[in-house]
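Colleague: I'd like to learn how to read ring contacts in a protein model. Could you walk me through them?

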Amino acid sequence: MAVQKKFALGRGLDALISTEEIRTSGSSSINEIELSKISVNPNQPRREFDAVALQELADSILEIGIIQPITLRKIDDDSYQIIAGERRYRASIQAGLKTIPAYIRTADDENVMEMALIENIQREDLNSLEIALAYQHLIEQYELTQERLSERIGKKRTTIANYLRLLKLPALIQVALKNKEIDMGHARALISLDEPKTQIRIFNEILSQGYSVRKVEEIVKSLTHGEMADMGNKKIKPKDASLSEEFLLLKKQLSNFFGSKVQLSCTSKGKGKISIPFKNEEDLERIMELFDSLRSNDNKQ
């Protein structure tokens, strides 16, 4: 995008936005567009707009005008769709404006959601759950892998994976995260637990006791290591506390063999599962090599 000049505040729209057409990288032009010709993007990742903040922006627009143009794509001669800047668009309507300065881009449907997402993430306009839902939409809508999405939006694959994991939390916790009742750090710690009941129990303690992220991480670490977790006057048993001595011994042997904290669960009917966590792709490759060595030894016998 072209470097914008700095203007003194309080001189009106003409002082903030040049009346001449400006060529910008990745844009066809910048023009004043009638607000009545603009529609919102149905795939906009932002879902909620704070009423107080929106009124403050509207008041600012009335005083000094729009400083940063919104970004639109042209649908036809008389209609445009928002790619980025819905908040500025809504505030302009609230301020009683008739037109708004906008960059007019050429973008196909596949790129609209992506561009809106990138714009908002860079501005930190989305909460963590909105980002997770937007990532999930891109992956499902355009059949992208996490690696491919990582390349397209300039974020690490591990970052994308961490956001997507938030969508596996119980709905109660997701709503609290969206409403900023808990931090993403709290949510990320809770993800490490397998049982929704335990997640919700700790979540309730976060709300009632005001636990810090570090405190929650300590509780979760104790549980995942098979230890009793201390929550003030309350104690939480680890998931495998009811495992027989034979299963506990097997879990220890598997953990030693794979060099990882193997999780093992078993019902009273003898059904269960074994989970082998890994730290990164290199650690996964190491574990897969161990499986390969077992297969090789089996074939030799």
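Modeller: Buried means under 20% relative accessible area, exposed over 50%, and partly exposed in between (1.4 Å probe, protein chains only). This is a predicted model, where local features need pLDDT of at least 70, side-chain atom pairs count only at pLDDT 80 or more, and totals for chains, interfaces and linings use all residues. Residues are numbered from 1 along each chain as its sequence is written, and side-chain values use heavy atoms, with hydrogens and water left out.

Colleague: Is Phe258 buried or exposed?

Modeller: Phe258 is buried, at 5%.

Colleague: How many aromatic pairs does the structure hold?

Modeller: Rings of Phe, Tyr and Trp (its six-membered ring) pair if their centres lie within 6.5 Å; planes under 30 degrees apart are stacked, over 60 edge-to-face, the rest tilted. The structure has 3 such pairs. Take Tyr135 and Tyr163: they are edge-to-face, 5.7 Å centre to centre with 75° between the planes.

Colleague: Which helices do Tyr135 and Tyr163 lie in?

Modeller: Helices are DSSP runs (H or I, at least four residues), numbered from the N terminus. Tyr135 sits in helix α5 and Tyr163 in helix α7, so their pair ties together parts 28 residues apart in sequence. Tyr135 counts as buried at 1% relative accessibility, and Tyr163 does at 16%.

Colleague: And what about Phe258 and Phe291?

Modeller: Their pair is tilted, at 5.2 Å centre to centre and 40° between the planes. Phe258 belongs to helix α12 and Phe291 to helix α13, so that pair joins parts 33 residues apart in sequence. Ring pairs also link Phe257 with Phe258 and Phe291 in a cluster.

Note on methods:
Helix = DSSP H or I, 4+ residues; strand = E, 2+ residues; numbered from the N terminus.
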